[in-house]
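Please examine the sequence and the three-dimensional structure shown below. This briefing then describes the fold as a whole and a number of individual residues.

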Amino acid sequence: MRSYTSLKLLFVVYGVLFVTCNAFSTNEVWALTTFKEAIYEDPHMVLSNWNALDADPCDWTGIGCSAARSHVIKINISGSSLKGFLAPELGLITNLQELILHGNNLIGIIPKELGLLKRLQVLDLGMNQITGPIPPEIGNLTSLVKINLQSNGLTGRLPAELGNLNNLQELHLDRNKLQGTVPAGDNAGYTANIHGMYTSSANLTGLCHLSQLKVADLSYNFFVGSIPKCLKYLPSTSFQGNCLQNKDPKQRPTTSCGGAPPVRTHPGFSAKHRAAEDVSKHQSTSRPTWLLALEIVTGTMVGFLFLIAVVTALQRCNSKPSIIIPWKKSASEKDHMAIYIDSEILKDVVRFSRQELEVACEDFSNIIGSSPDSLVYKGTIKGGPEIAVISLCIKEEHWTGYLELYFQREVAELARLNHENTGKLLGYCRESSPFTRMLVFEYASNGTLYEHLHYGEGCQLSWTRRMKIVIGIARGLKYLHTEVDPPFTISELNSSAVYLTEDFSPKLVDFESWKTILARSEKNSGSIGGQGAICVLPNSLEARHLDVQGNIYAFGVLLLEIISGRPTYCKDKGNLVDWAKDYLELPEVMSYVVDPELKHFSYDDLKVICEVVNLCVNPDASKRPSMQELCRVLESRIDTSISVELKASSLAWAELALSS
């Protein structure tokens with residue numbers, strides 16, 4: 001009796017500890033803060049009031065709490081253009097009932113830790129850019145009523161564990177890259193219900209077990225086989241655009257289904273299996289003494305394990321709560337980083353080996369550029385073009401799973417660009433021993449525009465040549481902003497991002513995207529700036545939010561830099577825009593902004609440039625014109641023909657001969 005009382009008291013103590021550990025806590029604030037940290041672009045600033053120092057997140061944008069404000073029960077941030085990853089730490093918000101992040105630009109995978117959210121009723125991650133498989137742990141969320149994962153890039157097979165979701169009413173998986181058969185579950189012994197579904201008291205897997213399912217959309221994937229009989233009540237549109245074996249003409253053509261995995265049949269239970277079950281049942285009717293002794297021993301062991309669980313609970317309450325994050329590397333696992341690599345996103349991008357690039361770049365001795373965050377090598381691929389190889393300078397221990405997925409995304413983004421005025425990405429290098437992350441670009445033999453403006457001879461860049469560069473940059477930006485979907489912006493648009501070919505044609509190269517990657521590194525807190533002899537680009541400019549309007553502003557500053565030959569910031573004259581604003585609108589002093597190295601320039605062209613600069617640097621971003629409009633103005637009003645060059649300078653013939 002005394003032992004029973006002690007055990008009862010132990011249960012009470014454990015219950016108190018359990019409640020204490022799960023009170024509205026730093027767990028939930030920490031999980032939300034980690035989610036915010038995994039978002040690297042928030043253009044609408046919806047997370048701006050998510051303050052990690054605030055112990056009560058109930059007033060944060062998109063957060064809903066329980067009536068007593070003791071738990072977070074809802075996260076609803078839809079259509080906000082968030083770019084980033086789903087943090088596994090979201091699994092710590094154990095009282096969460098709704099996770100709605102519909103219509104953003106989230107990338108990466110669905111963390112299996114979401115399977116810890118046992119009270120979740122709505123999971124809506126539709127219309128993002130999430131890749132990888134659907135984790136089978138989602139089958140643990142038996143409270144789910146709605147799942148929406150439509151319009152992503154999900155791959156792999158549909159987990160049969162989804163059949164455990166007894167309360168599921170809506171399942172939207174359309175417009176992904178899911179493969180395999182539609183898991184139905186074993187239909188033997190099932191009876192039809194009023195919905196035409198099949199039910200069973202056993203805990204079986206497969207969609208046939210979803211007795212409450214009313215709406216399901218599996219269209220536009222790569223499912224093979226046939227539609228399960230238990231799902232025939234769904235409209236045919238729920239299965240169109242797949243590789244199913246039926247007479248529906250709305251399936252994918254056979255050529256598109258070549259990579260779909262073969263159908264596997266699952267035979268039902270044979271008579272031999274049923275006979276074995278009957279024998280087992282017969283043997284279980286008698287309970288010999290040895291079986292009773294075994295049960296006693298087993299019960300004792302269970303009690304012992306229970307005591308261990310209580311001690312573990314005590315220790316957990318006294319330490320910081322944690323969750324297993326498979327893609328973060330611990331100090332004891334230096335040679336292993338368990339992260340998900342999205343093979344689909346880079347499948348069309350050439351991957352170079354480090355050895356191949358080492359040979360091409362003469363043992364990485366041919367350095368043509370350097371900064372605190374990267375090194376640039378020149379090389380020649382055997383039998384191929386000249387290349388510029390940009391190597392990221394970061395230690396392996398600072399490289400996280402988030403950074404790896406972001407790196408992959410950046411490579412994919414750069415690889416989709418194809419225009420005569422944008423740098424061409426030829427491939428990438430990703431190796432773990434030694435740790436290597438590199439981008440391989442087509443080499444531009446004349447270096448950067450910055451070098452020509454501030455370190456080269458000014459006479460190399462005549463007025464007409466500068467106007468051609470201006471129009472080329474405008475065309476490149478027009479392509480990036482209006483012809484690429486979604487639009488692409490240069491991380492840091494300045495003269496160092498403009499590379500010149502042999503004939504001085506400009507190419508925009510986003511080398512500075514490394515800085516965004518480095519900013520995600522926990523150890524990298526220092527700013528990275530270009531160093532100059534007298535004039536430097538202030539680090540404060542690097543913090544400017546770069547988007548389409550930011551690029552247009554930077555284009556205006558770049559135009560000033562091109563016509564004036566001055567850097568964007570000088571210690572003696574300050575900011576270039578502030579210095580030039582007194583001359584831009586006054587015709588009588590407008591020529592003061594022109595580079596003194598230039599002996600000849602077109603006043604009509606200068607007026608057009610100054611007009612465009614004023615439009616670009618307008619403090620009201622909404623009043624800045626698009627690159628399409630700016631490009632049209634520059635192309636229609638600036639004459640870059642050879643005849644203009646010849647009229648402007650008596651030395652033009654000689655210059656033309658040298659440049660040809």
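The points below are grouped by topic, from the whole chain to single residues.

The structure is a predicted model. The protein has 660 residues, of which 45% are buried. Its secondary structure consists of 15 helices and 25 strands.

**Overall features**

**Nonpolar cores**

- In soluble globular proteins, nonpolar side chains tend to be buried together.
- The largest nonpolar core of this model contains 75 residues. The residues with the most contacts inside this core are Leu-449, Ile-473, Leu-477, Phe-555, Ile-609 and Leu-634.
- Helix H8, which spans residues 463–483, gives the most to this core, with 10 residues.
- Leu-477 is in contact with Ile-490, Leu-493, Leu-508, Asn-551, Phe-555 and Met-627, when neighbours within four places in sequence are left aside.
- A second, separate core has 68 residues, including Cys-58, Leu-106, Ile-138 and Leu-218.

**The pair of helices H12 and H13**

- Helix H12 covers residues 603–616 and helix H13 covers residues 627–637. Their axes come within 10 Å and cross at roughly 175 degrees.
- H12 is therefore roughly antiparallel to H13, since angles over 145 degrees fall in that class.
- On the H12 side, the residues that meet H13 are Asp-605, Val-608, Ile-609, Glu-611, Val-612, Leu-615 and Cys-616. On the H13 side, Leu-630, Val-633, Leu-634 and Arg-637 take part.
- By class, this contact between H12 and H13 has eight nonpolar, no polar and three charged residues.
- Ile-609 of H12 and Leu-634 of H13 both belong to this contact, and both are also listed among the residues with the most contacts inside the largest nonpolar core.

- Glu-597 is located in the loop between helix H11 (576–584) and H12.
- Glu-597 and Gln-460 are 137 residues apart along the chain, while their C-alpha atoms are separated by 9.8 Å.

- The peptide bond from Ser-433 to Pro-434 is cis, with omega near -5 degrees. Pro-434 belongs to the loop between strand E20 (425–432) and strand E21 (435–442).
- The peptide bond from Asp-485 to Pro-486 is also cis, with omega near 0 degrees. Pro-486 is placed in the loop between H8 and strand E22 (498–500).

- Met-127 is a residue other than glycine with a positive phi, near 55 degrees. Its position is in the loop between strand E7 (122–124) and strand E8 (131–132). Met-127 is classed as partly exposed because its relative accessibility is 45%.
- Ser-151, likewise not a glycine, has a positive phi near 55 degrees. Ser-151 lies in the loop between strand E9 (146–148) and strand E10 (153–154). With a relative accessible area of 25%, Ser-151 is partly exposed.

**Two buried loop residues**

- Ile-110 is found in the loop between strand E6 (105–107) and E7. Ile-110 counts as buried because its relative accessibility is 4%, and the buried class is under 20%.
- Ile-110 and Leu-86 are 24 residues apart in sequence, and their C-alpha atoms are 6.7 Å apart in space.
- Not counting residues up to four places away in sequence, Ile-110 touches Leu-86, Leu-125, Ile-130, Thr-131, Pro-135, Leu-149 and Leu-154.
- Gln-150 is found in the loop between E9 and E10. A relative accessible area of 18% makes Gln-150 buried.
- Gln-150 and Asp-124 are 26 residues apart in sequence and 8.8 Å apart in space, from C-alpha to C-alpha.
- Gln-150 touches His-102, Gly-126, Met-127, His-172, Leu-173, Asp-174 and Asn-176, with residues up to four places away in sequence not counted. One of these, Met-127, has the positive phi described above.

Notes:
Residues numbered from 1 in each chain as written. Predicted model: local features only at pLDDT ≥ 70, side-chain atom pairs only at ≥ 80, totals over all residues. Heavy atoms only, no water. Helix = DSSP H or I, 4+ residues; strand = E, 2+ residues; numbered from the N terminus. Buried < 20%, exposed > 50% of the residue type's maximum accessible area, 1.4 Å probe, protein only. Axes fitted to C-alpha atoms, helices over the stretch in contact; angles between N-to-C directions. Parallel < 35°, antiparallel > 145°, perpendicular 65-115°, else oblique. Contact = heavy atoms within 4.5 Å. Nonpolar A, V, L, I, M, F, W, Y, C, P; charged D, E, K, R; others polar. Core = buried A, V, L, I, M, F, W, Y, C linked by side-chain atoms within 4.5 Å.
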